[in-house]
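I opened my notebook to look up how charged and aromatic side chains pair up. Come along as I go through my entries.

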Amino acid sequence: MRVRAVLTESPAHAPAWLAYGDALVALERYPEACEAYARAGECDPARGTVEEATAALAAGDRQRAEQIYREVLAVDGAQIGALCGLALLALQADRPADAKRLLDHAQRQSPHVPVVWRTRAQVLIALGQLEEASAAGRYLVTIEPESAQSWITLAAAAARALRQEEALLAYERAATLRPDEVRLQTSLGHVHKALGHRAKSEAAYHAALALKQDDAEAWWSLADLKNYRFTEAERGTLARLLASPSPGDGEAQLAFAYGKALEQSGEMAAAFRSYARGNARRRRDAPFDIEGFEARCERIRATFDA
């Protein structure tokens with residue numbers, strides 16, 4: 001390959017590593033392709049800056065993240081990490097079409113690089129193009145079968161397309177690659193629940209709590225099984241978690257789960273106090289927009305007949 005000659009002369013040439021990775025994908029030499037893409041990232045002079053922006057995005061500082069991504073693109077308009085970062089920002093701002101345009105530009109630089117396909121799958125889900133999103137997920141796990149994130153991408157797309165068995169297999173594969181990730185256990189619980197596997201669903205939520213006792217989503221998911229009965233020890237744990245000085249972002253879910261546990265034990269007044277606490281926290285975090293809801297209903301009535 002001519003690109004190998006370039007890399008022999010310039011082993012830190014990031015675009016050449018991307019091109020080499022793409023060529024290896026075309027030859028179905030996927031492990032070598034993943035190594036080439038990793039080398040491209042290591043050699044990219046903007047790597048540290050893009051990582052700073054990505055950290056800001058993960059921390060919820062969207063304004064700072066966007067500023068950094070745009071600064072990177074002002075120097076190199078083809079920088080794939082910054083294009084994907086801006087696409088995620090557009091997706092969070094409910095502009096999936098803008099996100100897709102950014103990814104189209106990224107794929108003109110490297111048609112096979114996995115990070116673009118992972119982001120594209122999320123955008124396709126937002127656009128409701130679920131078959132295309134699932135195809136993107138399957139493509140990802142073909143290229144990098146040892147990447148848990150790629151299996152998670154496939155699982156998310158399959159679940160949205162109501163192919164729960166495919167989602168289950170993908171989440172199980174991801175969990176073998178990341179056995180200590182709590183979110184994967186709760187995701188497995190959700191899929192088992194959708195498939196009617198009650199015992200397995202319950203076991204997955206318990207596995208999540210074994211990894212992280214204060215995982216609010218897992219506690220609420222047990223309560224949301226409707227007829228799950230909390231033990232006395234579990235009620236005590238929920239009470240202790242809620243009594244902590246800072247129960248965190250999961251306070252509402254913990255309070256709802258504790259309310260359910262109290263209700264089951266006949267402590268109705270205490271149960272309603274816990275439900276009220278959960279509702280107050282939920283109202284603070286995600287206030288209900290009655291005007292927006294009514295406007296949406298009007299749009300539905302205007303668009304669809306009986």
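Entry 1: I began with Glu-298 and Arg-301, whose side chains form a salt bridge at 2.3 Å, N to O. I kept in mind that this is a predicted model. Arg-301 has 56%, over the 50% cut-off, so I wrote it down as exposed.

Entry 2: Next I looked up Arg-118 and Glu-144, which meet in a salt bridge of 2.3 Å, N to O. This pair links distant parts of the chain, 26 residues apart: Arg-118 sits in helix H8, and Glu-144 in the loop between helix H9 and helix H10. Are these two residues buried or exposed? Both Arg-118 and Glu-144 are buried.

Then I found Glu-146 bridged to Arg-173, with the closest N and O atoms 3.0 Å apart. Here the loop between H9 and H10 is linked to helix H11, across 27 residues. Glu-146 is exposed at 57% relative accessible area, while Arg-173 is partly exposed at 29%.

**Entry 3: the wider count.** I counted 26 salt bridges in the structure. Asp-249, Glu-251, Arg-277, Arg-281 and Asp-285 are joined in a salt-bridge network.

**Entry 4: rings and a patch.** My search of the whole structure gave seven aromatic pairs. Trp-219, Tyr-228 and Phe-230 make up one aromatic cluster. Lastly, I noted a nonpolar surface patch of about 320 Å², made by Phe-288, Ile-290 and Phe-293.

Conventions: Residues numbered from 1 in each chain as written. Predicted model: local features only at pLDDT ≥ 70, side-chain atom pairs only at ≥ 80, totals over all residues. Heavy atoms only, no water. Phe/Tyr/Trp six-rings, centres within 6.5 Å; stacked < 30°, edge-to-face > 60°. Patch = residues over 30% accessible without salt bridge, like charges linked within 9 Å, V, L, I, M, F, W, Y side chains within 5 Å. Areas by Shrake-Rupley, 256 points an atom, 1.4 Å probe, with all protein chains shown as cover. Salt bridge = Lys/Arg side-chain N within 4 Å of Asp/Glu carboxyl O. Helix = DSSP H or I, 4+ residues; strand = E, 2+ residues; numbered from the N terminus. Buried < 20%, exposed > 50% of the residue type's maximum accessible area, 1.4 Å probe, protein only.
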